Amino acid sequence: MEKVPSFDKHFISFLLNYICTRPEEMRMQLEDLSKYMTTLPPKCEENLFRKQYGNLKTCMKLPTIETVFFLDSNLVKFQSEEKMKACKDKGIISQADYEKYLASLKIYWTHQLLSLIHI
C-alpha cells in the first residue's frame with residue numbers, strides 16, 4: 001500500500017480509540033458509531049472525513065481504512081493481530097494506538113475466558 005494520507009490516519013486513530021472504549025467487545029455496530037459521530041461538531045476532522053465520502057459505510061470500504069478494520073455485516077471489527085502489528089510497523093497506526101489496541105485486546109480475551117469459566 002502507498003503512503004497513507006494523514007487525514008486517513010487521523011480517522012483510523014479516531015475509530016480505533018472509540019472502539020477501544022468498549023474493550024470487552026472489540027467491535028462496534030456501524031449504527032452506534034454513526035450515532036456517536038452526530039454528537040461531534042459538524043466540522044470536526046472525523047465528520048469532514050465521513051462527509052467527503054457520503055456516509056460511514058462507504059468510508060469503511062476505503063482501502064486505507066480496510067487495512068485496520070473490516071465490516072462484518074454492520075459490525076466494525078479490527079483486522080487480525082498480525083495485520084494490526086503490520087499496520088503499526090508500516091506507520092498506519094501510531095505506537096500509542098497500537099498499545100491501546102493491545103491493552104483492549106487483553107481485556108477482551110480476559111472477558112472471553114472469564115465468560116467461559118462461568119458457563
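Trainee: Why is Ser104 called buried?

Mentor: In this predicted model, Ser104 has a relative accessibility of 5%, and since buried means under 20%, Ser104 counts as buried. The residue lies in helix 7, residues 95-117, and, leaving aside residues up to four places away in sequence, Ser104 touches Cys20, Pro23 and Met26.

Trainee: What makes Met26 count as buried or exposed, and where is Met26 placed?

Mentor: Met26 sits in the loop between helix 1 and strand 1 (27-29), and its relative accessible area is 8%.

Trainee: What is phi of Ser73 near, and how do you know whether Ser73 is buried or exposed?

Mentor: Phi of Ser73 is near 60°, and Ser73 is found in the loop between strand 2 (69-72) and strand 3. Because exposed means over 50%, the relative accessible area of 61% places Ser73 among exposed residues.

Trainee: Why is Ser80 called partly exposed?

Mentor: Its relative accessibility is 31%, which falls between the limits of 20% and 50%, so Ser80 counts as partly exposed. Ser80 is in the loop between strand 3 (75-78) and helix 6 (81-89), and its C-alpha atom is separated by 15 Å from that of Cys20, which is 60 residues apart from Ser80 along the chain.

Trainee: What makes helix 1 and helix 3 roughly perpendicular?

Mentor: Their axes come within 10 Å and cross at roughly 110°, with helix 3 comprising residues 45-53. Angles of 65 to 115 degrees count as roughly perpendicular, and therefore the two helices are described that way. The crossing of helix 1 and helix 3 is left-handed. Phe7, Asp8, His10, Phe11 and Phe14 of helix 1 meet Glu45, Glu46, Leu48, Phe49 and Gln52 of helix 3, and by class this contact has 5 nonpolar, 2 polar and 3 charged residues.

Trainee: At what angle do helix 1 and helix 2 pack, and which residues make the contact?

Mentor: Helix 1 and helix 2 (residues 30-38) pack at about 110°, with their axes 12 Å apart. Because the range for roughly perpendicular is 65 to 115 degrees, helix 1 is roughly perpendicular to helix 2. Their crossing is right-handed. Phe11, Phe14, Leu15 and Tyr18 of helix 1 make the contact with Leu33, Tyr36 and Met37 of helix 2, giving 7 nonpolar, no polar and no charged residues.

Trainee: Why is helix 6 called roughly antiparallel to helix 7?

Mentor: The two pack at an angle of about 165°, with their axes 9 Å apart. Since angles over 145 degrees count as roughly antiparallel, helix 6 is roughly antiparallel to helix 7. The crossing of helix 6 and helix 7 is left-handed. Glu81, Met84, Lys85 and Lys88 in helix 6 meet Gln95, Tyr98, Tyr101, Leu105 and Trp109 in helix 7, and these divide into 5 nonpolar, 1 polar and 3 charged residues.

Conventions:
Residues numbered from 1 in each chain as written. Predicted model: local features only at pLDDT ≥ 70, side-chain atom pairs only at ≥ 80, totals over all residues. Heavy atoms only, no water. Axes fitted to C-alpha atoms, helices over the stretch in contact; angles between N-to-C directions. Helix = DSSP H or I, 4+ residues; strand = E, 2+ residues; numbered from the N terminus. Parallel < 35°, antiparallel > 145°, perpendicular 65-115°, else oblique. Left-handed = near helix turned anticlockwise from the far one by under 90°. Contact = heavy atoms within 4.5 Å. Nonpolar A, V, L, I, M, F, W, Y, C, P; charged D, E, K, R; others polar. Buried < 20%, exposed > 50% of the residue type's maximum accessible area, 1.4 Å probe, protein only.
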